[in-house]
Number of protein chains: 2
Amino acid sequence: MAPLRSAVKEYGDLIRELKEKGAPKVDIDRAVIELKARKKRLEDREFELAPKEASFDRIKLEDLLKRRFFYDQSFSIYGGVNGLYDYGPMGCAMKANMIALWRKHFILEEGMLEVDCSVLTPEPVLKASGHVDRFADWMVKDVKTGECFRADHLIKNHAEKILQDPKTDISTKNALTDVLAKLEGFDNNDMQEVISKFNFKSPVTGNDLTEPIAFNLMFPTLIGPTGDFKAYLRPETAQGIFVNFKRLLEFNQGKLPFAAAQIGSGFRNEISPRQGLIRVREFTMCEIEHFVDPNDKKHSKFSKVSDHKLNLLSACNQLAGKSAETVSIGKAVKEGIVANETLGYYMARVHMFLVKVGIDPRRMRFRQHLSNEMAHYACDCWDAEILTSYGWIECVGNADRACYDLQQHFRATNVKLTAEKRLDEPKTINVTEIVPNKSAIGSKYKSDSKKGGEIDLTKELFSVKRYEKKIHVEEITPSVIEPSFGIGRIFYSVLEHSFRQREGDEQRRFLALPPMIAPIKCSLLPISSNSELDPILEAVRDQLVEYEISFKLDDSAGSIGRRYARTDEIGIPFGITVDFKSQEQPWTVTLRYALTMEQVRLKVSEVGSVVSNLASERINWQNILETFPKFEQNES
Amino acid sequence: MAPLRSAVKEYGDLIRELKEKGAPKVDIDRAVIELKARKKRLEDREFELAPKEASFDRIKLEDLLKRRFFYDQSFSIYGGVNGLYDYGPMGCAMKANMIALWRKHFILEEGMLEVDCSVLTPEPVLKASGHVDRFADWMVKDVKTGECFRADHLIKNHAEKILQDPKTDISTKNALTDVLAKLEGFDNNDMQEVISKFNFKSPVTGNDLTEPIAFNLMFPTLIGPTGDFKAYLRPETAQGIFVNFKRLLEFNQGKLPFAAAQIGSGFRNEISPRQGLIRVREFTMCEIEHFVDPNDKKHSKFSKVSDHKLNLLSACNQLAGKSAETVSIGKAVKEGIVANETLGYYMARVHMFLVKVGIDPRRMRFRQHLSNEMAHYACDCWDAEILTSYGWIECVGNADRACYDLQQHFRATNVKLTAEKRLDEPKTINVTEIVPNKSAIGSKYKSDSKKGGEIDLTKELFSVKRYEKKIHVEEITPSVIEPSFGIGRIFYSVLEHSFRQREGDEQRRFLALPPMIAPIKCSLLPISSNSELDPILEAVRDQLVEYEISFKLDDSAGSIGRRYARTDEIGIPFGITVDFKSQEQPWTVTLRYALTMEQVRLKVSEVGSVVSNLASERINWQNILETFPKFEQNES
């Protein structure tokens, strides 16, 4: 690894030097592309060496998710649409549980103002936000058929194919390896250069390709029948919050800081989506916009999280070719690695949330954007990335967007989006005011006064007033700290991280989901179809209904072990079995924990409250083992 | 009322007679339009006479909803868009509570399969469902400016204006009154006739208008970059369920009946939306599709609801000019008023849900569609209608859609959307099979065999096999019973029905929302800012957080009465006040019920569990009055 690390550091140093010297932007950009290429080589190597769940097999997981209808491609009977997925009963319940937990963890615990805004968004709003002009990918078209390809994907596929061809000469190989490493940083000219140089054609027809064309990723539509009210499906929920800023501030009685949140759909017209739920055209987002005084980004609850440790991959470490480091968020903010307390507070809370929903903390990191990756308006940005079989996936963006968005909407509408800040003590300011001399203007421009037009500004037409003024409040445009969650990506990552196989039995795969997230909390299995067991079954069922526990009855004929395996597969954490011993007074059942396959025996009358407490994670399995007698059973 | 009723009955009888005689469709349609006009006159009169909340004032309610940000027009700072609304913190919480209750009442209690499908829907899907061809309204355009008007609205506005003009002669008045009454049943020709006859022009420019043009109400868009993948935003969530039928049936282990449900957004490109949340372009729907054997629409839980009483306005009663009648659903199904048990079961459950969320049962009815209003494929349809200041509003459609949708998607895709029904006993059927004589065909059409084309079917080319076969299962296309909820309309109706004013104090208006629906469950008011009360306040707050009760602290300086009024206004049902007596050991607080303004005193240690039970409606205020000592306070 050492040579790879120092190769990165070399370019990190070079870029710093170029910046200090005030070198031309084009030189810096070139160097950044090379830096990224070196970082990618380092990261690929690290990924190869990283500890993985040895048993993980994506095909097996995908088969399970399809077979038990967690989610599947939309409109399959019509041939399907890439990048669109339908969630079935299992996926839908699991996603709803994740969102309920999000709402509790963020909106309720932090007292946020939740809103639910329109998906349809008029063009001027997205013009102001920058999406109409900049939210685009490069594509190339088959000059004859018009078929479209995402330019970077086309280059990647072509390059990989040539590299795999044993007849390819070594210099072409080196050149293409270099292209692959740098591809992420390429602009349209860089890509056009590669396409020309290697003479890439349409992979379908072999025809020539156009130059890369920018394709806007928003779905366009028209509101109303006239055809001239252009709109888009929102690419993010954030803009809905920004345009409601005044109402929300007023709702909060004019006080800063406050946070607003929104859970809803976003849309992105990907050119050629792939990678399952990782890159889709329609997705659920959870976004928080925390509005704060730009000169005071402290957070009142920061001390509660300051000891919380995170894996941080800072821009500095990336430039130096170093790995992520585990640091407490308190230290990171103190040392200026993370820009401010509010951003740091959210990073810690995001981390806690991801762990709660079932992300393996060892496969999670916060990666800081390099200054050139960052949106031009942001001052600091840390992506919560999760390691999956697709590599490191950005799942939660945490950005300090400064006051960019509110200012843009102000510029577009001329509606002030500011807050009043009460000063600790009144401030005296010098005011210079131009006072028009109305009578002089009137007599000089009498006839023109209502027409407008230019006037010659001579001295006698105005006077200049200079005076001191005492002010008690100051008008400020708040900064915005934004944690933005891609729910589908987190959902998929949780499934990957919880997919396991039983030791010594490769065929028995299961999902070790946290109880709060599991789509169904409990299974109910009669050991036989003997009707003697029916009253007990009914009593258990009544308990589960009373405590509002979602459960699945499996009274099919299969062996108990086979039935357990079927429930384990869909992540049901707890299983209740009614057996022949159940009939002894007082009625009892066994309770099984899927993760460990351990069982205890407890009274039917206790079952509802015990499973309810387990399902909501108020107690854990260890508590159960300490309370109830263990029950041994052979599952095979 | 009597003459109005008999006027309706006259046409009801006439239509029945025409149908019996097999009169031409055009005559029947004419008669139906006249019938509807008469029904409308009857209904308008009934509406005038109906008992209303004398105090209701829509302007006052709308002012409250805007001021406290329940919801408001989207993108107002950009001038706003008609028919698009953003829900603020209060509306969002209330809507989320309604949806949570819906999920519990239907999905959990009935064991439905919830799905979450794509909003973006390819054109062929909506072509098959009939939406591409038939989901349209008539509009007219200004021939010069192209400005569009919904034809029926334009006629209505013109007619009303002319009717209000004292100079209008009596015969014109009569003619236009007749037009208004019949307008709902008009087709494009009828409307064109009125526009020509009365020489209606564009209300904006006075220019001529085009003939009525069908405007499809779906929002169009394009998926991917090529421009040839046409799609629409779904106009209903139902189609997502139908195209997943096979997966859902498999998930249910092949068994009928089962119900699937979906909660999500629908879109409708209204030509000129108005009436606030009643007619919008983007809305939340909750839809259930219950798949059932077409020959056995019994429901296993029907006996649990059969005594439940509903206000039914049957087609018969409508034709006879009669009002709605209160009937038990058991009787209604038995007498064939409601087509079958499953439809009846859902109507009862829908009624229970609407009452739970806060709809006044006296202002609710189920109106059966007349046979000509019904979608051509439905066999029975009952709209749950709610009486608001806009008149009777359709809020939940309950339709037996038969097997139309599944058959349409089968026709379009050739994918079988059927279920296997196990026969009680095997059935012997006669099979007639055509068996091609391959060798004869081969020798005759040898050279053409792969080309296709026509052949002369002569006897020697095939044989006919007739035999008996024993079958154990039968393939059936399930019928679909669909309750479909417009959440925004119910949301608005609940607000109207819960808007009250205090007796003797017109200015004190409040929302009497059911605790389960209220956006915030509890207020917390210290009687003074004296810091002695802080520890008690903190103890109460800890209890509320522990029990996950949403609350609003109001420690502002206003009088206690003024602060109560502010919390009453947003429908907070319970209020906790920390007063000076609170400090006596053991600490106590007062608990106030907004609806009655009654108060009791209870220990701080009891507050969490008591309010939690009240908020989830496990106990009611009467239980509280029986348990705790009453506390008298003057609120002014």
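**Is A:Ala615 buried or exposed****?** Let us work through this and a few more exercises together.

The structure is a predicted model, in which local features need pLDDT of at least 70 and side-chain atom pairs count only at pLDDT 80 or more, while totals for chains, interfaces and linings use all residues. Residues are numbered from 1 along each chain as its sequence is written, chains are lettered from A and ligands numbered from 1 in the order in which they are written, and side-chain values use heavy atoms, with hydrogens and water left out.

**Exercise 1. Describe the surroundings of A:Ala615****.**

Step 1: Find the residue. A:Ala615 belongs to helix 21 (residues 604–615) of chain A. Helices here are DSSP runs of H or I with at least four residues, strands are runs of E with at least two, and both are numbered from the N terminus.

Step 2: Check its accessibility. A:Ala615 counts as buried because its relative accessibility is 10%. Buried means under 20% relative accessible area, exposed means over 50%, and partly exposed lies in between (1.4 Å probe, protein chains only).

Step 3: List its contacts (heavy atoms within 4.5 Å). Leaving aside residues up to four places away in sequence, A:Ala615 touches A:Pro515, A:Met516, A:Lys521 and A:Phe574.

Step 4: Look along the chain. A:Ile520 is 95 residues from A:Ala615 in sequence, and their C-alpha atoms are separated by 9.4 Å.

**Exercise 2. Work out how two aromatic pairs of chain B are arranged****.**

Step 1: Set the rule. Rings of Phe, Tyr and Trp (its six-membered ring) pair if their centres lie within 6.5 Å; planes under 30 degrees apart count as stacked, over 60 as edge-to-face and the rest as tilted. A search of the whole structure gives 40 aromatic pairs over all chains.

Step 2: Take B:Trp102 and B:Phe106. Their pair is tilted, with 5.2 Å centre to centre and 45° between the planes. The two are separated by about one helical turn because they stand four residues apart in helix 4 (residues 89–110) of chain B. An α-helix has 3.6 residues a turn, so residues three or four places apart point the same way. B:Trp102 and B:Phe106 are both buried.

Step 3: Take B:Phe353 and B:Phe485. This pair is edge-to-face, at 5.8 Å centre to centre with 90° between the planes. It links distant parts of the chain, 132 residues apart: B:Phe353 sits in helix 15 (residues 341–357) of chain B and B:Phe485 in strand 19 (residues 479–486) of chain B. Both B:Phe353 and B:Phe485 are buried.

**Exercise 3. Find an arginine over a ring in each chain****.**

Step 1: Apply the test. A charge sits over a ring if NZ of Lys or CZ of Arg is within 6 Å of the ring centre and within 35 degrees of the ring normal.

Step 2: Name the cases. In chain A, A:Arg592 lies over the face of A:Tyr564, 4.1 Å from the ring centre. In chain B, B:Arg365 lies over the face of B:Trp392, at 4.1 Å from the ring centre.

**Exercise 4. Trace an open sheet in chain B****.**

Step 1: Read the order. Three strands of chain B form an open sheet in the order 6-5-7, with antiparallel pairing. Two strands pair if DSSP finds at least two bridges between them.

Step 2: Find the edges. Strand 6 (148–150) and strand 7 (213–216) of chain B are the edge strands, each pairing on one side only.

Step 3: Follow one pairing. Strand 5 (residues 136–141) and strand 7 of chain B run antiparallel and are joined by four bridges. Within strand 7 of chain B, B:Asn216 stands opposite B:Ala136.

**Exercise 5. Relate chain B to chain A****.**

Step 1: Superpose the copies by least squares on the C-alpha atoms of residues with pLDDT of at least 70 in both.

Step 2: Find the residue by the axis. Of the residues of chain B, B:Thr221 comes closest to the rotation axis, at 2.6 Å (C-alpha).

Step 3: Compare the interfaces. The copies meet through the same surface, because 100% of the interface residues of chain B are also interface residues in chain A.
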